[in-house]
Amino acid sequence: MATVELRFSALPEHVRTARLVAAAVARRAGVDEAVLDEVRLAVGEACSRAVGLHQIGGISAPVKVLLIEEEKQFSIEVGDEAPHAVAGGGDGAGPGDPDGEADEDEMGLAVISGLVDDVEVSAGEHGGLIKMTWPTTPPPTILV
């Protein structure tokens with residue numbers, strides 16, 4: 001199992017770099033070429049979401065991206081350190097959400113869910129994590 005870790009300052013201009021790195025590692029891991037655009041888009045959406053949460057929350061910690069190559073799958077984990085409301089904490093709109101930021105967050109998660117068949121989202125008071133997984137194809141065996 002090989003893992004690549006990428007950390008970047010929560011600035012929108014770094015999201016493009018994360019997308020390019022994710023696509024390159026996914027290609028090397030054996031993700032189908034036809035799916036690479038979806039990988040790029042999903043990573044871009046997840047990283048943009050994390051950057052936005054960090055900027056809104058005034059968090060100086062970097063956004064963390066793990067690219068994990070396993071035997072038959074490739075996973076990308078995008079983590080943020082923004083505190084998230086715990087389930088049962090309200091409907092997301094209210095004094096802490098003056099501009100409907102929760103609605104934008106939900107839309108971003110909906111886009112990711114539309115791009116990735118296997119996605120897990122977890123969040124708590126110490127941050128959130130989006131884990132996206134794609135199947136891989138083993139490289140062809142070359143007989144000499």
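In this predicted model, the largest nonpolar core holds 31 residues, and Phe74, Ile76, Val78, Met132 and Trp134 are those with the most contacts inside it. Such a core is a set of buried Ala, Val, Leu, Ile, Met, Phe, Trp, Tyr and Cys residues joined through side-chain atoms within 4.5 Å, where buried means under 20% relative accessible area with a 1.4 Å probe, protein chains only. At least two core residues each come from β1, α1, α2, β2, β3, α3 and β5, and α2 gives the most, with eight residues. Helices (H or I, at least four residues) and strands (E, at least two) are DSSP runs, numbered from the N terminus.

| Element | Residues |
|---|---|
| α1 | residues 15-29 |
| α3 | residues 101-115 |

Apart from neighbours within four places in sequence, Val78 is in contact (heavy atoms within 4.5 Å) with residues including Ala46, Cys47, Ala50, Leu129, Ile130 and Met132.

The open sheet of five strands has the order β1-β2-β3-β5-β4 with antiparallel pairing, two strands being paired if DSSP finds at least two bridges between them. Because β1 (2-8) and β4 (118-124) each have a single partner strand, one side of each edge strand is left without a neighbour in the sheet. Eight bridges join β3 (residues 73-80) to the antiparallel β5 (residues 127-135), and Gln73 has Pro135 of β5 as its bridge partner.

Local features need pLDDT of at least 70 and side-chain atom pairs count only at pLDDT 80 or more, whereas totals for chains, interfaces and linings use all residues. Residues are numbered from 1 along each chain as its sequence is written, and side-chain values use heavy atoms, with hydrogens and water left out.

Definitions and conventions
Buried means under 20% relative accessible area, exposed over 50%, partly exposed in between (1.4 Å probe, protein chains only).
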